[in-house]
Amino acid sequence: PQPQRAPSRATYRSFVKIVAMRNRFLVSCLAVSTLWVASASAQTAGLALSTSVGYNTQRLSLKLSPEQAKEAARLGEEATKATRAGKFGDALGDYAQGQAVMHGVAWTPDVEYASALRGKLDHAMVDQSKMKSRGVTITIAPLYATEHAAAAKLSASVVLVQAGKDAGELSPKAALNPAPAPFIKQVELPLDAAGDYTVEVRLTAADGAAPDGVRNAFVKSMPIHVEDLSSSATRLRITLARNQKAHYALPSAEYVLALYERADKGEVNPRTYDFRKEFATAQAIVDAVYDGSDPFAGKKGDFRRAYRSTVDQTLQPYRLFVPAAYDGAKPLPLMVALHGMGGDENSMFDQYGKELPVDADKAGFIVVAPKGRDPASMYRGSAEQDVLDVMNEVQRDYRVDRTRIFLMGHSMGGFGTWSIAQDHPELFAALGPISGGGSAEGMVKLRNIPQYVTHGDDDRTVSVNSSRTMVEA
């Protein structure tokens with residue numbers, strides 16, 4: 001393509017397929033984003049936003065009676081008002097009650113209180129060599145205040161699950177008294193093999209049952225990963241501390257340690273990563289730098305990178321694909337791909353049939369996917385800066401045709417595509433927003449930029465009208 005010319009339709013073949021898989025991916029993303037909690041104050045804001053997406057999708061998709069539809073809409077409006085007022089806990093309570101309404105479940109004190117509870121493990125990465133000397137501690141606490149907590153009569157049991165099947169009871173059913181919350185329980189893990197497991201705290205109401213329609217409120221699932229990784233982490237930590245050389249590749253190794261620690265705290269899903277492989281890759285990076293070589297020189301294909309942000313000095317990850325056609329002799333086009341809400345830098349590569357890298361290789365495109373801070377950042381503020389910084393990182397390390405830098409994204413990434421391009425129209429040759437929306441008034445800034453807009457016309461999450469309004473503008 002020539003400067004200011006849109007990519008071919010073939011380049012967007014995989015992007016069109018994204019729409020068909022959109023709802024399934026969104027549900028999985030929301031499940032992940034609501035599973036991991038770090039702090040109540042930070043969590044409730046992002047959780048209220050992500051919950052609103054799933055809530056409205058269900059409200060428009062489920063077969064509801066007129067009474068259910070009316071009440072669900074009212075509670076949704078109340079939640080929106082609470083969110084705008086910064087009362088995120090109230091918003092989550094309204095959404096939870098609306099879920100019960102849509103599934104025909106009575107809003108009893110038991111359901112109300114169960115909906116507010118969240119579970120957390122003190123360690124989600126369990127060292128296999130130390131299992132005999134320690135268990136894990138489970139904390140169950142309300143994320144927000146509930147009006148009728150004192151009247152709740154819940155009971156809880158703790159079960160270990162592997163591959164969808166019960167692998168053993170960790171704690172028998174016992175009453176859960178709301179008065180001394182949070183509830184802390186230490187359990188021993190009867191594990192003799194490495195792998196992925198889930199600790200489930202299963203709640204039951206006063207009648208001994210858990211309503212089917214709101215099962216997620218009554219089952220608190222906490223994934224754990226069992227493997228002897230502490231020695232690899234210690235070795236990497238020591239070699240990083242010994243190495244005094246400044247090198248652009250080192251943050252990618254440092255981030256593996258940070259990611260491992262976050263996974264142990266339950267802030268990211270430990271199942272998402274092969275940490276043994278990640279540690280080996282990070283160790284090879286540090287060893288190469290120490291020996292005076294460039295660990296990324298000549299490297300092609302799909303790999304993970306990270307950099308230290310100038311915004312706050314935090315380590316920020318990104319995913320990079322370098323096509324086989326890249327030889328450094330001539331510049332190649334760059335595609336910047338933005339994930340949807342609840343996703344991260346891996347989503348555009350690992351979801352949607354994993355077709356983005358395949359098509360990029362055929363087309364001869366370098367592709368980069370930034371994380372963009374929080375799963376619900378909407379690519380504003382520091383999240384927007386992350387996108388720009390990652391673009392600079394790629395252009396520093398590879399020969400990029402600056403007249404052929406393209407920006408695309410799905411759902412929240414579609415919104416981000418338009419908002420970032422409106423803020424920096426001089427950077428992009430063309431845009432590919434999918435199932436997004438944004439400021440129609442700002443489209444005048446993009447009047448000279450070709451855009452390939454994709455949106456399903458029966459989208460129950462982001463109305464197709466949000467894209468039609470942008471196209472018309």
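This briefing walks through the cores, salt bridges and ring contacts of the structure above. Keep in mind as you read that the model is predicted. Its largest nonpolar core has 60 residues, and a second, separate core has 34. The structure also holds 19 salt bridges and 10 aromatic pairs.

**The nonpolar cores**

- In soluble globular proteins, nonpolar side chains tend to be buried together.

- Helix α15 runs from residue 464 to 472, and V464, S467 and M470 are buried in it.
- These three residues lie on the same side of α15, because they cover an arc of only 125 degrees around the axis.
- What do the buried residues of α15 pack against? Their partner is helix α14, residues 412–423.

**Salt bridges**

- Side chains of opposite charge can pair when their charged atoms come close.
- E254 and R308 form a salt bridge, with their closest N and O atoms 2.6 Å apart.
- E254 lies in helix α9 and R308 in strand β9 (residues 301–308), so this pair ties together parts that are 54 residues apart in sequence.
- Both partners are partly exposed: E254 has a relative accessible area of 23%, and R308 has one of 37%.
- Strand β9 also holds R304, whose partner E278 sits in helix α10 (residues 275–290), so here the parts tied together are 26 residues apart in sequence.
- The side chains of R304 and E278 meet at 2.9 Å, N to O; R304 is partly exposed at 28% relative accessible area, while E278 counts as buried at 13%.
- Another salt bridge joins the side chains of R202 and E200, also with an N to O distance of 2.9 Å.
- In that pair, R202 is partly exposed, with a relative accessible area of 25%, whereas E200 counts as buried at 10%.
- R305, E393, R396 and D397 are linked in a salt-bridge network.

**Aromatic rings**

- Y248 and F296 make a tilted pair, because their ring planes stand at 45 degrees, with the centres 6.3 Å apart.
- This pair links distant parts of the chain, with Y248 in the loop between α8 and α9 and F296 in the loop between α10 and β9, 48 residues apart.
- Y248 is partly exposed, with a relative accessible area of 24%, but F296 is buried at 6%.
- Y326 and Y398 pair edge-to-face, 5.6 Å from centre to centre and with 70 degrees between the planes.
- Y326 is in the loop between β10 and β11, and Y398 is in the loop between α13 and β13, 72 residues apart; both tyrosines are buried.
- Ring pairs also join Y260, Y273, F275 and F279 into a cluster.

**Charges over rings**

- The charged end of R305 sits over the ring of F296, 4.1 Å from the ring centre.
- K245 places its charged end over the ring of Y290, at 5.7 Å from the centre.

Note on methods
Residues numbered from 1 in each chain as written. Predicted model: local features only at pLDDT ≥ 70, side-chain atom pairs only at ≥ 80, totals over all residues. Heavy atoms only, no water. Buried < 20%, exposed > 50% of the residue type's maximum accessible area, 1.4 Å probe, protein only. Helix = DSSP H or I, 4+ residues; strand = E, 2+ residues; numbered from the N terminus. Arc of directions from axis to C-beta. Contact = heavy atoms within 4.5 Å. Core = buried A, V, L, I, M, F, W, Y, C linked by side-chain atoms within 4.5 Å. Salt bridge = Lys/Arg side-chain N within 4 Å of Asp/Glu carboxyl O. Phe/Tyr/Trp six-rings, centres within 6.5 Å; stacked < 30°, edge-to-face > 60°. Lys NZ or Arg CZ within 6 Å of the ring centre and 35° of its normal.
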